[in-house]
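Student: I would like to learn how to read the features of a model like this one. Could we go through it together?

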Amino acid sequence: MPWPGLASQVAGMLTPLVVLAAGCGPATSVVSPAGSAVAGISRPRIVATTTVVADLVRQIGGDRVAVDCLMAPGIDPHSYKPTPRDADRLAGADLVVASGLHLEGKLAGILERLGDRRPVAIAAEALPAEDLIAVGGGLHDPHVWFDPKLWSRCAPVVAEALARVDPAAAETYRERAAAYATRLLELDERLRSRIASIPPDRRVLVTAHDAFRYFGRAYGLEVVGVQGTSTESEAGLADINRLVDLVVNRGLPAVFIETSVSNRNVTALCEGARARGHQVVLGGTLHSDSLGGPGSNAETLEAALTRNVETIVAGLTVATGLEEATGEP
Ligand SMILES: [Zn+2]
């Protein structure tokens, strides 16, 4: 279930939140002018839910904070079930940072209970409803990090939450958040010019689930997911046939798979199109709800979005053919 109640609950939690566990206090007096913590001194322990959120915390907290990410790279946050060990990790956190907007569906209960004892900040809470994409039932599409301009506005939420946990470095966190937001705006410009190189009639992104709607809105691509905005809803044969029609009728050269979602539906879609004589390829693997692991060249949001855009540009600008365009992410 989504967590509509949690968002408002959590907003209230941010005010009285300075509950520091013994030994995890701010490293005020042991920080160099550059803001780096001295080795051996305990740092605030920040637990992030997803790899995307962990990246945001690292960008702003730098090495003043220790970031523990609950979900490993490649894990699907919609279906992620917390383990007993996660409960311990959360209980030991000085601050928990979540993405929000019902992304972390099955963590909602545990975060709600935790909220009485530990500060919880929700990145997407910075965004007003009018800037979000409604998905029905009063809910909004949670995949806001695909629009770097939107995500840049989530940075201050994290900066303020860190400032409450570690007040001595409040200004450092605010400055880092502002610098990071600026970088995201620069990234936005670069991505925009790359997408503009795709012929307009090919700016259609077909993927495994509906994660890319903010991305499509930001850069002028039509986006279609085989599954809905949550991987928790199963795609039926009718959905796949509808997409086969789309791919064949629009003559799309490529469709895409995602690192955190099964390839099954997209593969069925390709087979359906081929059965009708249209050669469509798997254009490559996109990072959707998870960043890449070490060595993936997609460990940060900036790197993952850049990589995604290069994959999309390559896939949609190649001539239609039988070969699979790229392999692993
Ligand atoms: Zn998703």
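Tutor: Gladly! Let us begin with naming: helices (H or I, at least four residues) and strands (E, at least two) are DSSP runs, numbered from the N terminus. The model is predicted, so local features need pLDDT of at least 70 and side-chain atom pairs count only at pLDDT 80 or more, while totals for chains, interfaces and linings use all residues. Residues are numbered from 1 along each chain as its sequence is written, and side-chain values use heavy atoms, with hydrogens and water left out.

Student: Why is α2 described as largely enclosed by the rest of the structure?

Tutor: Buried means under 20% relative accessible area, exposed over 50%, and partly exposed in between, with a 1.4 Å probe and protein chains only. Helix α2 spans residues 51-61, and ten of its eleven residues are buried, so the rest of the structure largely encloses it. Among the buried ones are V52, D55 and Q59.

Student: How do I read the zinc site, and which residues coordinate the ion?

Tutor: Donors are N, O and S atoms within 2.8 Å of the metal (3.2 Å for Na, K and Ca); water is not among the atoms, so sites may look incomplete. Here H78, H143 and H209 each coordinate through NE2, and D289 through OD, at 1.9 to 2.1 Å. In sequence, the donor residues follow the spacing H-x64-H-x65-H-x79-D. H78, in the loop between β2 (66-69) and α3 (84-91), and H209, in strand β7 (residues 204-209), are 131 residues apart, a pair that links distant parts of the chain. Both H78 and H209 are buried.

Student: What geometry does the zinc site have?

Tutor: Four donors count as tetrahedral if all angles lie between 85 and 135 degrees. The angles among the four donor atoms of the zinc ion are 92 to 122 degrees, and the site is tetrahedral.

Student: In which sense do β7 and β8 pair?

Tutor: Two strands pair if DSSP finds at least two bridges between them. β7 and β8 have five bridges, in the parallel sense, and V204 stands opposite E222 in β8. Strand β8 (residues 222-227) is mostly covered, with five of its six residues buried.

Definitions and conventions: Four donors count as tetrahedral if all angles lie between 85 and 135 degrees; four count as square planar and six as octahedral if opposite donors are over 155 degrees apart and all others between 65 and 115; anything else is irregular.
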